[in-house]
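Please look over the sequence and the 3D structure below. Then read on for a guided walk through it.

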Amino acid sequence: MKRDSIAEVSIDTSGRLHVRPASELFPYVWRAAMEVQWSEATGTLHSPVPRAWSYGDWFRQILAAVQDEYGYHLQLTPHTSWCNVGPETQSSIVAASQNEA
């Protein structure tokens, strides 16, 4: 399986979770039909504004969509930066990523 690191995880002002891959682009991730989108402007994969799901759930969904559509495994690293992500949310995302490994 192909792999790419996650350069940044952020939450925008509208509440969407964004995941920025370190080197790959995933413009057609919407074809996975998992409500995950690619933003050309920011170079990130993003969720809709969470309704019933947590950020950890959406993080898993983003990873699953990329794996389904592109065959890539995205992984957090010690170099992943976090922007507008509180400590509790960061912990839930890290736990979600460990469940995906």
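The walk goes from a helix to the core, and then to charged pairs.

This is a predicted model, in which local features need pLDDT of at least 70 and side-chain atom pairs count only at pLDDT 80 or more, while totals for chains, interfaces and linings use all residues. Residues are numbered from 1 along each chain as its sequence is written, and side-chain values use heavy atoms, with hydrogens and water left out.

Start with helix α1, residues 55-70. Helices here are DSSP runs of H or I with at least four residues, strands are runs of E with at least two, and both are numbered from the N terminus. α1 has 16 residues. From first C-alpha to last, α1 reaches 22 Å, close to the 22 Å expected at 1.5 Å a residue. That expected span is 1.5 Å times one less than the number of residues.

Now look at the two ends of α1. At its start, a side-chain oxygen of S54 comes within 3.3 Å of the backbone nitrogen of G56. This is a polar contact: a pair of N or O atoms within 3.5 Å, where, within protein, one must be able to donate a hydrogen and the other to accept it, and residues adjacent in sequence count only if both atoms are side-chain atoms. Just after α1, G71 has a positive phi of about 75°.

Which residues of α1 are buried? They are G56, W58, F59, Q61, I62, L63, A65, V66 and Y70. Buried means under 20% relative accessible area, exposed means over 50%, and partly exposed lies in between (1.4 Å probe, protein chains only).

W58 has a relative accessible area of 3%, so it counts as buried. It touches L17, M34, E35, S47, P48, P50 and W53, leaving out residues up to four places away in sequence. A contact means heavy atoms within 4.5 Å. The C-alpha atoms of W58 and P48 are 8.6 Å apart, and these residues are ten apart along the chain.

Next comes the largest nonpolar core, with 24 residues. Such a core is a set of buried Ala, Val, Leu, Ile, Met, Phe, Trp, Tyr and Cys residues joined through side-chain atoms within 4.5 Å. L17, F26, V29, L45, F59 and L74 touch the most other members. At least two core residues come from each of β1 (2-11), β2 (17-21), α1, β5 (72-75) and α2. The largest share, seven residues, is from α1. F26 is in contact with P21, W38, L45, V66, Y70, Y72 and L74, leaving aside neighbours within four places in sequence.

Turn to helix α2, residues 87-100, where S97 sits. S97 is buried, at 17% relative accessibility. A polar atom of its side chain lies 3.0 Å from the backbone oxygen of V94. S97 also touches F59 and L76, not counting residues up to four places away in sequence.

Finally, consider charge. Side chains of opposite charge can pair when their charged atoms come close. A salt bridge here is a side-chain nitrogen of Lys or Arg within 4 Å of a carboxyl oxygen of Asp or Glu. The count comes to five salt bridges.

One of them joins D12 and R16 (2.8 Å, N to O). Another joins R31 and E69 (3.1 Å, N to O). R31 lies in the loop between β2 and β3 (37-39) and E69 in helix α1, so this pair ties together parts that are 38 residues apart in sequence. R51 and E35 also meet in a salt bridge (3.0 Å, N to O). R51 lies in the loop between β4 (44-46) and α1, and E35 in the loop between β2 and β3, so the pair ties together parts 16 residues apart in sequence. R51 is exposed at 60% relative accessibility, whereas E35 is partly exposed at 44%.
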